[in-house]
Amino acid sequence: MQAPSAADLPQLDTVSFDAELPLAAQALDGEYPPRMQRETRLSLRVLAAPTETPDDSNPVMLRLEAKLDLALEVSLLERHPDRPNNTPCRLGLNSIAWRDQQNWQPGQRLLLRLHPNPDSALSLCLCGVIASNQPAGERDYLLTADIHESFDADTHLLWEKWVFRRHRRAIQER
C-alpha cells in the first residue's frame, strides 16, 4: 500500500502549499483559548519575520540571533515535549486540508496543533471548523477546515506572509 501524500488532498480556494508537518486535531469545546491565541500570534511573528540576510550582516548580530533561536527551541521543547505525527497537509490562507483517521463532522469545531517545521518545537494552535469530510479508504478521511476564526487582522497578515513564502518556495523547488 502506498503512503498517503498531500497530492491526494482536497484543493483549497486560495494560495496554498503542501507539506508533511506535525499536525493533530482535537475537539474544541467552548472558546478558542486566549493563551493559545497569544502563543500562536507570537509564533507567527517569528515565522513571518524576514529571512533574507544582507551580505554586509553584522556577525555579532547573526550570532546573537542564532543564540535566541536556540533558546526559543530549548524552552519550547521543555514546554511541549510531545509532538504530533507528521501528516500530509495543504495549508492555505483561510483553510487547511489533511488526512485523518478521525471522522470529524462538517461544522464541528477543532483545535488544530500544527508545527510549521518538522524539526522545530515552534507550534501554532489554530481554531478550525470542518468544512468538508470525504472518505479516503477504509479508515481515513480527507478533511478541510476553515481557520479564519484563528486570526485577527494583524495575525492573519502574519499567516499570509508565511503561507505566501512557503508557496513561493514550493514553486521554486518544482
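Which residues does W159 touch, not counting residues up to four places away in sequence? W159 touches L44, L91, G92, L93, L114, L124, L126, I147 and F151, where contact means heavy atoms within 4.5 Å.

## Basis of the model

This is a predicted model, in which local features need pLDDT of at least 70 and side-chain atom pairs count only at pLDDT 80 or more, while totals for chains, interfaces and linings use all residues. Residues are numbered from 1 along each chain as its sequence is written, and side-chain values use heavy atoms, with hydrogens and water left out.

## Overall fold

The secondary structure of the protein comes to 3 helices and 6 strands. Helices (H or I, at least four residues) and strands (E, at least two) are DSSP runs, numbered from the N terminus. In that direction, the order of elements is β-α-α-β-β-β-β-β-α. Buried residues make up 39% of the 174 residues; buried means under 20% relative accessible area, exposed over 50%, and partly exposed in between, with a 1.4 Å probe and protein chains only. Among contacts with a separation of 6 or more, 75% are between residues 24 or more positions apart.

## Barrel and helices

A closed barrel of 6 strands has the order β1-β2-β3-β6-β5-β4, with antiparallel pairing. Two strands pair if DSSP finds at least two bridges between them. Neighbouring strands of this sheet are turned by 45 degrees against each other on average, direction ignored. The antiparallel strands β2 and β3 are joined by 3 bridges, and L91 stands opposite I96 in β3.

Helix α1 lies across β4 and β5, running at about 95 degrees to β5. Helix α3 packs on the sheet and touches β1, β2, β4 and β5; its direction makes about 135 degrees with that of β1. Axes here are lines fitted to C-alpha atoms, for helices over the stretch in contact, and angles run from 0 to 180 degrees between N-to-C directions.

## Nonpolar cores

A nonpolar core is a set of buried Ala, Val, Leu, Ile, Met, Phe, Trp, Tyr and Cys residues joined through side-chain atoms within 4.5 Å. The largest has 29 residues, and those with the most contacts inside it are L91, W98, L112, L126 and W159. The elements that give two or more residues to this core are β1 (16–27), α1 (34–48), β2 (86–92), β3, β4 (109–114), β5 (124–135), β6 (141–146) and α3 (153–173). A second, separate core of 6 residues includes M36, L111, C125 and C127.

I96 lies in strand β3 (residues 95–100) and is buried, with a relative accessible area of 1%. Leaving out residues up to four places away in sequence, I96 touches R90, L91, L112, L126, L143, T144, A145 and I147. The C-alpha atoms of I96 and V129, 33 residues apart along the chain, are separated by 9.9 Å.

## Aromatic pairs

Rings of Phe, Tyr and Trp (its six-membered ring) pair if their centres lie within 6.5 Å; planes under 30 degrees apart count as stacked, over 60 as edge-to-face and the rest as tilted. By this rule there are 3 aromatic pairs. The F17 and W162 rings are edge-to-face, because their centres are 5.3 Å apart and their planes are at 90 degrees. This pair links distant parts of the chain, with F17 in strand β1 and W162 in helix α3, 145 residues apart.

F17 counts as buried at 2% relative accessibility, and W162 counts as buried at 4%. Ring pairs link F17, F151, W159 and W162 into a cluster.

R99 is found in strand β3 and, at 16% relative accessibility, counts as buried. The side chains of R99 and D140 are joined by a polar contact of 3.3 Å. The R99 side chain also reaches the backbone oxygen of A136 at 3.5 Å. A polar contact is a pair of N or O atoms within 3.5 Å; within protein, one must be able to donate a hydrogen and the other to accept it, and residues adjacent in sequence count only if both atoms are side-chain atoms.

Q108 lies in the loop between β3 and β4 and is partly exposed, at 26% relative accessibility. Apart from neighbours within four places in sequence, Q108 is in contact with A27, G128, V129 and I130. The C-alpha atoms of Q108 and A27 are separated by 7.6 Å, and these residues are 81 residues apart along the chain.
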